[in-house]
Amino acid sequence: MNMDAGTLARPEQETRELSYAEAIREAMDIALAADERVVLMGEDIGVYGGAFQVTGDLVHKYGTDRVIDTPISELGGAGVAVGAAMTGLRPIFEFQFSDFATLAMEQIVNQAAKVRYMLGGAVSVPVVMRMPAGSGTGAAAQHSQSLEAWFAHVPGLKVVQPSTPEDAKGLLLAALEDPDPVLIFEHKLLYKMKGEVPAGHYLTPIGKAAIRRKGTDLTIVATSIMVHKALEAAQTLAGEGIEAEVVDLRTIRPIDRETVLGSVRKTSRLLCVYEGVKTLGIGAEISAMVAESDAFDYLDAPIVRLGGAECPIPYNPDLERAAVPQVPDILQAARALAGERV
Amino acid sequence: MPVEVIMPKVDMDMASGRIAVWHVEAGARVEKSEALFDIETDKAAMEVESPASGTLHHVIAEAGSEVAIGQPVAWIYADGEAVGPRPDGTAGGTNDDHGPQASASDDGMSGKARPPAPSSPEEPAKRTPEPAPSGVGSALPAALSHAVPPRGTLPRATPKARRLARDNGLEIAAIDGNGPRGRIQAGDVARHLEALSRPETASAAPLHWSPEAGPLSVLRSGKGDKTPIVLLHGFASDGASWAPLLASLPTGHPVYRIELPSHGRSPRRRIASFAELVRDMRQAFDGLGLQQAHLVGHSLGGAVAAALADTRARRIASLTLFNPAGLGPEINGPALAGIARATRAESLAPWLKLLPADEETITSNYVRSVMLARADPALRAAQADLAGHLFPDGVQAFSIAAALDRIELPTRIIWGKRDRIIPWSHALRAPGRISLNLFENAGHLPHIELAGQIGILFADMK
């Protein structure tokens, strides 16, 4: 996979193979060591190491003053994190499951996203929130959602979805340098995925998509784990003479218009693939963005969206898989789209 | 009240359909779901089933006539129902051979009060003042009936096609759309521009030949009472090309080889589209009067076979397509043109050598015999003319993709992977339920190159 797109400040950096979870932990380790304002907060992130073992043993290295277990109250924990950010710290708040961010909507949507605007820029909220998201773990309807589009609807928030270990680290470090609240949606199935990760400090720019595979016949704009499914499909399609360009959106607020529109101008065909529920999701935004732009005049086929089914994520594993786009779905949609070539 | 039979909408951008043939005569009995008539649109041909059981009357649209979507073409009266004047209130049908008076007196029920008319949901709104929920009389699946309004004056075109047309000062309406549902795509505009840039080539070869009447030639062989096999050869070929495979087919099947128009011993015809070709071939197939047949086609004949199977599904036991055309745009245009044009063995040989995987199989004797069979300049001109319509600019201008999507018969595609006429990868575009047999060591003629091996694929044919 082409990992070179859009990453700054690592011209000759050494890389190692790390898992996605290890890359996030390394980013937090680097930040904790470099900046004493950085603190980790969340439920069971201390001795237990986090619901998905992402914080791991950082509590032993930095102590309980900087790796802080919060009570089982998302509203309270997130409120403390937002307040700490307003008063000078750089908190990284972990939700056990992004589904539980629904309990903290007041703090995220009404406070974190609004404070800088409402106080005329006098105060900003440089909080980072980590959101384990997505289905595929058999954890059923209340622990498997993809709610990123909810938050991307709120001006004042930034929302990113790293798909690779390299970006998971680079985007977390970039989020810490951002003056505004940044929500990072980490797909739970990606935590164990391995990939080359540069050592040391580097930034993956927020608001910049990456072209993971170049192609000429159609553009697949995908997010998070769907990037990997799209790449797998693209491999198969290449054997059939269909060259798909795969765009990893990486940030869904603000969206990288230029990369998406440029790709669509080139291929004239657009397929959006995302795990969140299809209706009023990321694909709707991408589609509308293309339709409203000059790239519209380059479309040679109707836009196609593949998103999550219009239902809660089922517990039954077969139904759970069927509820979100899979590789065969992408293949079918891409073939139909590319088959519209005459 | 008789059940109205209307012209159904079978294609999204269809405004009207042509009735190709009635399967039931006026005054005859028909069962619900039985084939009533065939329709043809620009792109498709299909059987329309009877919406009800009863007797067909007031056939106001004869075979060959063009009828707007949703308009009535005939009415079906239930058993014992009095046949009155035409229910749409118009006097006199064009083909109403069972006049109202005669029928009414036949059953003696003239003047009997009728219940209020249930109206079909497919009727145009203006004709249904009181929509009834339980409408019968639909000749089309419900899913298709929710009409897309009839196509207006604006052609269907993609934004990219419109931009290209605009940038090149073209009227979009002047361009033929070959995309899904007739949509004009960028490629159509590009082809149109290309055609404009060399306007003289089409008429550059004014070879004189006249169309001939008469049925298509059918070569018969094989005896037995098993299901007959019908073979359709490819472009610039003829019925004799099946000879190697005949020896490998299981015994006990009567075999019919239909020769394409302007090919072999078939009359020369002016055929301006794939649909016309299929219509001609369908007539020949219907003329065989077979209840059931295994249908086998090669290349262009494969595309025709798929189109036939789409409209004659009930009479086809299985479908086998060798290197079929119609699954993608690419085709070796120069080779087709070269074969159609060649006037002597020397100019024919290089093109013939592209057909098999192994050029050595094309001996000089073989080339001479092919040239001999193509000695008639009128036949070559008619074939070149046909190629111009089916493969304009070296592109396959027709598609069997939709037909294959609909076909539910046991279907097999056989392809030589060293095909230099049509890319074998087109086979991968077929729906998954279609079996693929890909041969590494064959080119465009697997039925000849590997006749022995391929016979095995037909071994379990009943």
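1. Which residues have the most contacts inside the largest nonpolar core? In this predicted model, they are B:Val230 and B:Phe274, in a core of 64 residues. A nonpolar core is a set of buried Ala, Val, Leu, Ile, Met, Phe, Trp, Tyr and Cys residues joined through side-chain atoms within 4.5 Å; buried means under 20% relative accessible area, exposed over 50% and partly exposed in between (1.4 Å probe, protein chains only). Helix H7 (residues 300–311) of chain B gives the most to this core, with eight residues; helices (H or I, at least four residues) and strands (E, at least two) are DSSP runs, numbered from the N terminus. Apart from this core lies another, of 56 residues, including A:Leu176 and A:Ile225.

2. The buried residues of H11(B), among them B:Leu379, B:Leu386 and B:Leu390, pack against H6 (274–288), H7, H8 (333–341) and H10 (364–373) of chain B, contact meaning heavy atoms within 4.5 Å.

3. A:Leu89 is found in the loop between helix H3 (74–86) and strand S4 (90–94) of chain A. A:Leu89 is partly exposed, with a relative accessible area of 34%. Beyond four places in sequence, A:Leu89 touches A:Arg37, A:Val39, A:Ala84 and A:Pro126.

4. Residues are numbered from 1 along each chain as its sequence is written, and chains are lettered from A and ligands numbered from 1 in the order in which they are written. Local features need pLDDT of at least 70, side-chain atom pairs count only at pLDDT 80 or more, and totals for chains, interfaces and linings use all residues, while side-chain values use heavy atoms, with hydrogens and water left out.
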